[in-house]
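Student: I would like to go through this model feature by feature. Please give the general idea each time, then the case at hand.

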Amino acid sequence: MQKFAPSVLVLALTAALAGCQDTGPQKEKVTIEKNPYPSTYKALPASTTLITNATVLTGTGERLDNADVYLVDGKISQVGIDLAVNADNTIDAQGKWVTPGIIDVHSHLGAYPSPAVESHQDGNEMINPNTAQVWVEHSVWPQDPGFNRAREGGITTLQILPGSANLFGGRSVTLKNVPAHTMQAMKFPAAPYGLKMACGENPKRVYGGKGVAPSTRMGNMAGYREAWVEASEYKRAWERYEQEYAAGMNPDAPKRDIKLDTLRGVLDGEILIHNHCYKAEEMAMMVDLGKEFNYHSGTFHHGIEAYKVADLLAENGNCAALWPDWWGFKMEAYDMVQENVAIVDAVKNSCAVVHSDSDTTIQRLNQEAGKVMYSANKNGFDISEEHAIQWITYNAAKSLGIADKTGSIEKGKQADVVIWDKSPFSVYAKAEHVYIDGAKVYDRNDEKYHAVSDFMLGQK
Amino acid sequence: MTKFKLSMITGALLASSAAFAQVTAITGATVHTATEQGTITNATVVIEDGKIKAINPQNMAADITVPAQGLVLTPGFIGSMNQLGLVEVGAVARSRDASDEKAGLDFDPSYAFNPRSSLIPYARKGGITQNVVAPINWDGVYSGLAFTADLSGDFESITDKHTALVIDLGARSKGSRALSFQQLVDKLEGQTAKLKKSEDKKEDKKADKPSGEERVLTQLLEAKLPLVIDVNRAADILQVIKLKTQFSLDVIIRGGSDAVLIADKIAQAKIPVIVSGVSNLPSDFDAMHASLENAGKLEKAGVKVLLSVFGDGSHNLYQLRYDAGIAVSNGMSFDNAIKAVTSNVADAFAIDGGKIAVGQRADLVLWSADPFELSTHVEKVWINGEEVSTQSRHDKLRDRYTTDSALPHAYTK
């Protein structure tokens with residue numbers, strides 16, 4: 001309290017000098033804590049590591065043969081041929097491949113964990129089409145055995161999203177895939193929050209089925225627009241409050257609303273949109289919706305028909321996070337093409353991402369990307385491994401707003417690295433070593449680095 | 001009209017010659033036979049009249065020669081336990097025919113099979129040539145009868161109408177699995193008694209016509225119809241082994257997450273196990289031992305393993321070959337993984353196909369390389385001796401949106 005006192009005094013004086021009508025001392029300023037559940041993540045113990053003679057896919061579109069990667073203090077220190085450095089650990093990776101840690105932008109691990117029993121259905125608050133007030137991090141069970149399986153497949157970073165029943169499903173959280181017993185200890189430091197939105201069949205089925213809006217696609221659009229109108233007013237109210245306070249007045253703070261805090265975060269550019277949206281015409285409208293309310297429409301997830309609007313997505317700077325081949329479970333998933341990712345990717349300034357939305361395929365996101373690469377190359381594309389790896393590393397990091405921190409093997413980046421026993425685009429490929437911030441978190445050949453969930457411990 | 005008639009006659013003649021006289025020789029391929037012959041390199045396989053006529057014959061006169069040096073020939077892969085041809089779009093009720101609230105254990109979904117489903121040509125891309133189609137009962141015990149169809153897309157593509165009875169004796173969302181077992185035992189005991197009674201009174205010609213359920217139970221008891229039991233927990237599998245022994249049933253286990261704990265007993269009981277190559281999470285308390293290594297461990301214990309695409313195995317059936325590759329990378333032998341998607345499926349369900357041997361049904365797939373590898377693609381597929389396309393509407397959509405045109409895409413066909 002004492003810390004605040006001088007500034008309050010200064011502000012009060014300023015207000016008096018400015019000749020404001022409210023001459024009384026200002027009430028304490030109301031501010032909104034934007035990070036009430038802060039990350040407590042700490043990298044596991046690490047020593048300097050030199051990986052030598054590997055085929056390195058950098059995540060920036062480059063391939064280096066017989067290259068070395070040097071990890072120091074949790075960061076990538078050097079990448080190159082025959083590095084003349086000393087390390088505590090040197091790994092001869094002759095014949096092996098090295099990639100950035102794999103990033104899945106679409107996971108429900110922890111929120112829909114294994115075992116998938118009644119008590120664990122924590123991923124979707126299906127009580128209202130707008131639940132922007134929920135934060136999926138509050139549902140994450142760090143003991144989900146799926147985190148360990150994903151790590152064994154090279155996943156070092158993942159975004160946990162709420163489900164898609166609601167127009168606004170709530171906040172996402174980005175995690176470092178380290179074993180931990182609190183959510184905060186996994187939370188990716190300084191990663192922006194995301195807001196899950198959903199187009200199409202799911203919201204209208206869930207709410208239409210209950211006889212409430214939305215029951216149609218036009219109802220979906222009306223629901224988004226009404227929410228953004230309300231959020232825009234909320235933002236204006238807070239900005240007015242802040243301006244008046246700064247001007248020395250003594251305004252009453254607007255009533256706090258955690259649902260609108262999240263939507264305002266989007267309008268302020270602090271929270272990124274992650275939009276479950278399958279169809280071409282819906283993605284095109286969601287892009288315009290963003291323009292109508294002055295926010296960026298972010299990443300389209302699932303985007304079965306993204307190939308139909310590839311130009312539009314690239315032009316507007318949208319990432320598209322896609323499956324290689326899921327289809328047919330709903331009408332909006334009927335027009336799948338196996339080259340979807342490749343067609344989206346082929347446009348200049350595009351941001352194609354391969355995602356899982358699955359506790360199974362998250363374990364082989366490398367192979368999911370491989371499927372796309374090979375089916376596209378059979379049908380007229382010419383995509384290299386060093387290019388395709390970006391779909392599950394750099395582009396994924398870009399979608400999550402963390403490309404300055406991870407997603408590529410470049411000097412200064414966080415040392416999130418995977419060593420594969422062969423090309424990661426082989427069905428037989430396995431992650432041998434996984435590093436997060438320079439620390440070994442998985443070693444296929446050393447039981448010491450096989451994490452076991454509390455849930456699995458001692459089961460017979 | 002006359003003109004048309006003539007061309008129709010010509011067409012008919014051509015078709016009949018194609019179907020009955022044409023000899024196709026596939027030469028020089030590496031052939032994985034899925035039999036005791038194992039792999040034969042640089043082999044010639046001759047097909048005629050829908051059958052494999054010869055392998056490496058001394059003399060050969062073929063109408064069509066398919067040079068296949070450097071390529072790999074396998075039996076067509078056989079999918080199982082999915083709803084191919086019974087569903088078009090999962091969430092569209094009017095396109096679903098795999099389940100019915102009123103269905104009993106004699107439910108026969110083969111009446112609803114749609115060979116024109118868009119899922120069928122798509123599955124052919126994965127080298128699938130036959131499939132055991134199973135009904136579903138979301139939370140009941142008895143799903144009904146599975147049937148077998150080839151993937152030719154022809155109206156006459158059902159190859160076996162009653163392939164197996166499908167039941168679930170695993171965890172229940174409501175009630176107890178104990179009752180499921182108990183009621184099944186009661187049914188089987190009841191039918192056994194009935195059969196004995198009618199045998200004793202053979203002279204009585206006026207015996208009631210058996211009900212559909214009774215006919216199915218009789219076929220089970222005579223081991224003429226395999227019984228697929230969905231079950232995962234070790235203790236439940238042991239109950240299934242007892243059941244098999246007590247009633248001399250032809251049992252196949254599907255799921256079998258815990259099967260590795262009692263693999264020897266399963267091998268001894270000669271029960272084939274249908275597993276997923278990719279299930280490795282404890283999805284419930286029945287699946288605490290799910291692991292990518294299970295297929296290989298069961299194989300090594302002498303269990304006949306069948307690989308199947310779990311989950312939405314209808315739309316994703318083409319992925320069967322990748323699941324097999326993942327099983328191989330986690331300890332299954334390549335040869336047995338080939339069998340697990342071909343001959344083991346054919347043997348367990350007693351269906352024709354799944355092997356490259358003289359006299360076998362000519363369902364064949366020619367691959368660019370290792371059939372399990374992501375970089376490999378299907379070169380050619382033959383079903384019942386006829387070459388079939390691997391193009392689907394997905395290819396049309398891709399081509400439409402990657403072709404430049406001054407007109408809207410709708411004009412690109």
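Tutor: Start with strand pairing: two strands pair if DSSP finds at least two bridges between them. The model is a predicted one, and in it strand β8 (residues 168-176) of chain A is joined to β9(A) by four bridges, the two running antiparallel. Within β9(A), A:G194 is the bridge partner of A:S172.

Student: In which sense do β9(A) and strand β10 (residues 272-277) of chain A pair, parallel or antiparallel?

Tutor: The sense is parallel, over five bridges. One position to look at is A:A198, which stands opposite A:H276 in β10(A).

Student: How many residues of strand β9 (residues 194-198) of chain A are buried?

Tutor: A residue counts as buried if 20 or more other C-beta atoms lie within 10 Å of its own. Five of the five residues of β9(A) are buried, and the strand is mostly covered. Both of its faces are covered. A:G194, A:K196 and A:A198 are on one side, with A:L195 and A:M197 on the other.

Student: Which residues of helix α3 (residues 201-208) of chain A are buried?

Tutor: They are A:N202, A:P203, A:K204, A:V206 and A:Y207. What covers these buried residues of α3(A) includes β9 and α4 (217-246) of chain A.

Student: Why is B:A98 called buried?

Tutor: Apply the count again. B:A98 is buried because 22 other C-beta atoms lie within 10 Å. The residue sits in a loop of chain B, between β6 (77-82) and α2 (119-124). Apart from its neighbours within four places in sequence, B:A98 is in contact with B:Q83, B:L86, B:V87, B:P109, B:P135 and B:I136. By comparison of positions along the chain, B:D160 is 62 residues away from B:A98, and their C-alpha atoms are separated by 17 Å.

Student: Which residues touch the most other members of the largest nonpolar core?

Tutor: A nonpolar core is built by joining buried nonpolar residues through C-beta atoms within 7 Å. The largest one has 228 residues, and A:V69, A:V353, B:L165 and B:I253 touch the most other members. Take B:I253: leaving aside neighbours within four places in sequence, its contacts are B:I229, B:V231, B:I237, B:V240, B:A259, B:I271, B:V273 and B:I274.

Student: How many residues of chain A are in contact with chain B?

Tutor: On chain A there are 37, in contact with 30 residues of chain B. The elements giving two or more residues to this side of chain A are α2 (145-152) and α9 (365-378). The largest share, five residues, comes from α9(A). By type, the residues on this side of chain A are 17 nonpolar, ten polar and ten charged.

Student: Where in chain A does pLDDT stay under 50?

Tutor: Read the average and the local values separately. Chain A averages a pLDDT of 95, and 95% of the residues score at least 70. Over residues 1-21 of chain A, however, pLDDT stays under 50, and the model has 22 contacts beyond four places in sequence for that stretch.

Student: Where does UniProt place "domain: Amidohydrolase-related" in chain A?

Tutor: The unreviewed UniProt entry places that feature at residues 370-430 of chain A. In the model that span is 33% helix and 7% strand, with the end C-alpha atoms 13 Å apart. For chain B, UniProt (unreviewed entry) lists residues 257-388 under "domain: Amidohydrolase-related". That span of chain B is 28% helix and 14% strand, and its end C-alpha atoms lie 36 Å apart.

Conventions: Residues numbered from 1 in each chain as written. Chains lettered and ligands numbered in written order. Predicted model: local features only at pLDDT ≥ 70, side-chain atom pairs only at ≥ 80, totals over all residues. Contact = placed C-beta atoms within 7 Å. Nonpolar A, V, L, I, M, F, W, Y, C, P; charged D, E, K, R; others polar. pLDDT = per-residue confidence, 0-100. Buried ≥ 20, exposed ≤ 12 C-beta atoms within 10 Å, placed from the backbone. UniProt positions renumbered as here; feature names shortened; annotations may be inferred.
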